[in-house]
Amino acid sequence: MNFFHTFREEVLKAIEKLVQQRILPEGLELDKITTEPPRDPSHGDIATNAAMILSKAATKKPREVGELIAKELKALPFVTDVFVAGPGFINFRLTPDFWFRELETILKEKEDYGASSIGLGEKINLEYVSTNPTGPMHAGHGRVTVMADVLANLLEKVGYRVLREFYVNDAGGQAEKLAQSTYLRYKEALGHKIGEIPEGYYPGDYLKEVGKALAERDGDKWLSVPEGEWLEPFREFSINAMMTMIRKDLALMGITHEVFTSETELRRMGAIDAAIKTLQERGLIYEGVLEPPRGKVIENWKPRKQLLFRSSDFGDDADRPLQKADGSWAYFAGDIAYHYDKFRRGYPNMINVWGADHVGTVKRLTSAVKAITEGKGHLDVILCQIVNFMEGGKPLKMSKRAGTFIEIKEVIDKVGRDAFRFMMISRKNDTHLDFDFKKVLEQTRDNPVFYVQYAHARCHSVMKMAEAIFPKWEETPSGPLELLSDSDEMRLLKLLASWPRQVEIAALAREPHRLCYFLYEIAQQFHMLWNKGKENAVLRFIVAGNNDLTRARLAMVQGVATIIASGFQIIGITPLKEMRE
RNA sequence: GCGCCCUUAGCUCAGUUGGAUAGAGCGUCGGCCUUCUAAGCCGCAGGUCGCAGGUUCGAAUCCUGCAGGGCGCGCCA
């Protein structure tokens with residue numbers, strides 16, 4: 001439970017009371033009233049801006065309003081002090097007992113601590129990966145994939161029901177190119193010389209096996225038939241092979257999708273025609289001619305009359321075409337149908353996580369969703385900036401053509417799934433991320449993954465040591481907690497108790513990176529306390545001859561381990577009990 | 001030319017969605033191991049939050065303009 005909510009309710013109650021006594025006027029704007037931790041701990045544990053928000057409507061000075069409200073709040077349980085400060089903040093100071101109770105709750109709820117129901121069970125469709133199934137996943141895909149996966153966990157933690165969905169782009173030109181590339185490998189497998197793989201085809205070795213498998217299954221029956229006959233079976237076979245590879249890569253990252261939706265399937269079911277018809281009936285499609293694109297010279301540009309969707313009516317910069325020159329549906333048409341399908345399956349709330357190179361298509365799709373769902377559906381697109389892969393500070397050049405891009409598998413083999421997942425969400429999604437192979441494996445404070453894991457391992461090291469003194473300590477971990485009286489111990493307890501708030505903020509902002517920073521902060525506090533014990537034996541966790549104090553401190557240590565484990569659960573990684581090999 | 005994003009300490013980045021005196025890590029320098037893991041901890045130094053206006057009790061945060069950087073700008077996917 002995020003206790004800031006509880007106190008906000010109390011503030012609102014106090015205001016309500018003052019309104020009834022006609023000390024404050026009616027019809028106040030209460031939405032902007034917040035309760036949050038003050039930046040400076042000397043200002044107390046909770047601060048509210050209520051007085052400053054209300055002062056204008058109350059025609060009183062903020063501090064005056066503050067005193068009125070503060071008076072009402074002094075009698076609350078667990079509150080030692082309420083005072084007005086600065087420009088008009090009302091600050092609360094809470095009793096130590098409040099934090100001890102919170103620690104007991106952590107120990108009781110374990111990794112569930114921090115969960116909440118603010119999502120109200122609302123359903124969210126989270127679509128991610130969205131890579132062309134034309135080869136194995138490469139390192140660059142990792143960020144989008146992990147970020148979305150952690151976001152899914154995070155949203156579930158705060159009470160949303162998330163469906164993880166993968167859209168398989170198995171129709172269209174790229175899929176055809178894949179089929180044609182496989183055909184070359186098929187010929188090769190049957191002993192034909194194919195020479196260099198031509199420009200535009202997929203040159204990767206991984207298709208050799210696919211060609212070979214087809215040769216074994218079908219023999220040479222496709223050699224002498226026209227492309228029109230082999231294209232479809234080759235497409236289907238190679239897409240399946242690619243999806244098998246991709247699922248393996250996803251499994252390496254610890255990712256499982258509940259739903260895979262195939263573009264080809266949608267087309268077969270007539271989803272595109274249905275979607276286009278719907279738009280047509282609403283007068284949102286017309287025949288027109290587009291301007292040639294600016295800023296880029298395109299050969300063979302010919303103005304052409306074609307089907308256009310009125311996306312500019314819904315926030316896009318221009319209207320967008322729905323068909324290719326040959327009359328077949330463009331990718332966009334399929335995407336409209338797909339999102340309409342999600343909507344009709346019961347998911348008005350949709351989130352897509354994409355690489356930043358897709359910026360250009362965000363507006364057209366969000367406007368299409370608005371249009372086809374008549375404003376009832378909402379699509380939110382989260383873009384992730386590119387990852388700079390480096391080795392000891394030197395950027396690694398990656399190029400698909402030169403075949404020097406790094407596969408996901410390779411990265412995970414090298415640094416492990418846990419470090420990979422942690423690093424991929426360690427920065428805000430819209431900024432660049434440096435991923436240094438050397439740094440991720442370093443066992444120093446500079447490497448956040450290690451630093452947090454180390455704190456967790458240390459906790460367990462203490463608990464293990466404690467077993468010698470209390471063989472059954474886990475059954476009664478909490479001693480008299482009031483013995484935790486050092487200011488740094490209190491600081492740590494307060495930090496632990498703010499976990500539910502952190503989770504909530506991260507979830508609502510859809511910013512998993514906040515988890516990493518918070519866990520780092522906890523680790524930092526814990527390491528500090530540990531070292532204080534080194535310098536001052538009185539502050540050691542295990543104090544010989546003082547069982548009560550030891551038990552109280554063990555409760556705190558277990559609290560730290562629990563919060564870290566809880567965070568790791570959301571990030572999808574395993575907390576370590578010891579760092580030694 | 002247009003759209004989206006970014007600009008905070010020497011470097012890499014946080015900043016509780018508008019709060020009080022802007023914070024970490026790295027790097028520099030100086031300390032702390034007979035002790036639960038020194039794989040760590042403490043201290044010193046470092047700032048015109050890109051620039052200029054605006055909004056208000058209050059701006060790194062919101063709005064406008066400008067500058068610099070990134071990504072994108074077929075009917076590809």
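Predicted model: local features only at pLDDT ≥ 70, side-chain atom pairs only at ≥ 80, totals over all residues.
Residues are numbered from 1 along each chain as its sequence is written, while chains are lettered from A and ligands numbered from 1 in the order in which they are written. Local features need pLDDT of at least 70 and side-chain atom pairs count only at pLDDT 80 or more, whereas totals for chains, interfaces and linings use all residues.

Chain A is divided into domain 1 (3-94), domain 2 (125-169 + 256-384), domain 3 (173-252) and domain 4 (448-571), with bounds that come from an automatic or database domain assignment. The centres of domain 2 and domain 3, taken over C-alpha atoms, are separated by 27 Å. Contact between these two domains involves eight residues of domain 2 and eleven residues of domain 3, two residues being in contact if their C-beta atoms, placed from the backbone, lie within 7 Å. On the side of domain 2 that touches domain 3 there are four nonpolar, four polar and no charged residues, where Ala, Val, Leu, Ile, Met, Phe, Trp, Tyr, Cys and Pro count as nonpolar, Asp, Glu, Lys and Arg as charged, and the others, Gly among them, as polar.

Helices (H or I, at least four residues) and strands (E, at least two) are DSSP runs, numbered from the N terminus. Helix α1 comprises the 18 residues 3-20, which should span 26 Å at 1.5 Å a residue, and its end C-alpha atoms are 26 Å apart, in agreement with that value; the expected span is 1.5 Å times one less than the number of residues. The buried residues of α1 are Phe 3, Phe 4, Phe 7, Val 11, Ala 14, Ile 15 and Leu 18, a residue being buried if 20 or more other C-beta atoms lie within 10 Å of its own, exposed if 12 or fewer, and partly exposed in between, with C-beta atoms placed from the backbone. Seen down the axis of α1, these buried residues fall within an arc of 125 degrees, so they line one face of the helix; the arc is that of the directions from the helix axis to the C-beta atoms. Their cover includes α2 (50-58), α3 (62-73) and α18 (499-509), whereas Glu 9 and Gln 20 are exposed on the other side of α1.

Most residues other than glycine have a negative phi. Arg 22, which follows α1, has a positive phi near 60 degrees. Phi is also positive, near 55 degrees, at Lys 110, in the loop between α4 (96-109) and β5 (123-128); Lys 110 counts as exposed because it has 12 C-beta neighbours inside 10 Å. Glu 374, with a positive phi near 50 degrees, is found in the loop between α12 (362-372) and β12 (378-384), and its 9 C-beta neighbours inside 10 Å make Glu 374 exposed.
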